Amino acid sequence: MLNINSFKKMKQNRDKIVMITAYDYPSGHLVERSNTDIILVGDSLGMVVLGYKNTLEVTLNDIIHHTKAVRRGALDTFIVADMPFMSYHLNLNDTKLNASKLITEAKANAVKLEGGSDSRIEAIKAIVDCEIPVVAHLGLTPQSINKFGGYKVQGKTQEKYNEILAEAIKVQQAGAFMLVLEGIPEALAKEISETLKIPTIGIGAGRYTDGQVLVYHDILGNSDYLAKFVKTYADLDKEIPQALTEFAKEVREGLFPQAEHTYFPIEEI
Ligand code: KIV
């Protein structure tokens, strides 16, 4: 299995790092079979698996439950588990306990948390101090949508650009081993990626980050909403209903099951 040193080397060698989200046993297994470097059990699971409008309702127990399933399907892949909204905001003791559960109970290899404010920097330091690797996440952080007034690209003014660049330097200093950059202009992601020693993973952050991440259902075309930065590589929104409709039709027409799908007593074979 790859580890945090592998990702550092990949950046040094300019080998792109591939991260894909997964949420359960089958998606974990399929992502592992696709030779992906890192699986992220993202809190996007609230939207793509649980049907919530945003990520804010996802609980620590949801992430634990889903990470355990992903681990059963992906025994050999480095797994990052998302820390959900308010699981690292209240105090450092809760933060450390919650992060530790994602490692000891859920069997993740690292945790991810959003933001670069002073209290988020303290949270990163506290978790790293527990020997737990941390992925930071800056830019359009979905847990901040109420503060941002929606899903809005961040870092477009010079002031915000400088703020995100400064936060990126701070998360590295706090001990994060990787940084996800979401929904920011390409030039900012490029400057951060060239400035930092730790690898950057982009989503809607252009072409120059050290790796890319996309949501499993978006890649497969099985999503209610596709952002500009998504490229789909399959059309499951079409193929899955087609297959299910075909099954229903064959049942109704008496075409399924056939003899080949049926058990018989030995003497009849
Ligand atoms: O929850 C998630 O899937 C994420 C990625 C979009 C980076 O945080």
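**Entry 1: a β-α-β unit.** I began with strand S4, helix H6 and strand S5, which make a right-handed β-α-β unit. A crossover is called right-handed if, with the strands pointing away from the viewer, the path from the first strand over the helix to the second runs clockwise. I noted that the model is predicted: local features need pLDDT of at least 70, side-chain atom pairs count only at pLDDT 80 or more, and totals for chains, interfaces and linings use all residues. Residues are numbered from 1 along each chain as its sequence is written, and side-chain values use heavy atoms, with hydrogens and water left out. Helices (H or I, at least four residues) and strands (E, at least two) are DSSP runs numbered from the N terminus.

**Entry 2: the neighbours of S5.** I looked up the pairing of S5 (residues 134–139); strands pair if DSSP finds at least two bridges between them. S4 (residues 110–114) pairs with S5 in the parallel sense over four bridges, and Lys112 stands opposite Val135. S6 (residues 178–182) is also parallel to S5, with five bridges joining them. There, Gly139 has Glu182 as its bridge partner.

**Entry 3: the cover of S5.** Is S5 mostly covered or mostly open? I found six of its six residues buried, that is, under 20% relative accessible area, where exposed is over 50% and partly exposed lies in between (1.4 Å probe, protein chains only). Val134, Ala136 and Leu138 lie on one side, and Val135, His137 and Gly139 on the other.

**Entry 4: H5 against H6.** I next examined helix H5 (residues 92–104), whose axis comes within 9 Å of that of H6 and crosses it at roughly 50 degrees. Axes are lines fitted to C-alpha atoms, for helices over the stretch in contact, and angles run from 0 to 180 degrees between N-to-C directions. The two helices are therefore oblique to each other; angles under 35 degrees count as roughly parallel, over 145 as roughly antiparallel, 65 to 115 as roughly perpendicular and the rest as oblique. Leu92, Thr95, Lys96 and Ala99 in H5 meet Glu122, Ala123, Ala126 and Ile127 in H6, contact being heavy atoms within 4.5 Å.

**Entry 5: H8 against H9.** The axes of H8 (residues 158–174) and H9 (residues 186–195) come within 10 Å and cross at roughly 25 degrees. H8 is therefore roughly parallel to H9. Among the H8 residues that meet H9 I listed Tyr161 and Leu165.

**Entry 6: the whole chain.** I recorded 11 helices and eight strands. Of the 269 residues, 47% are buried.
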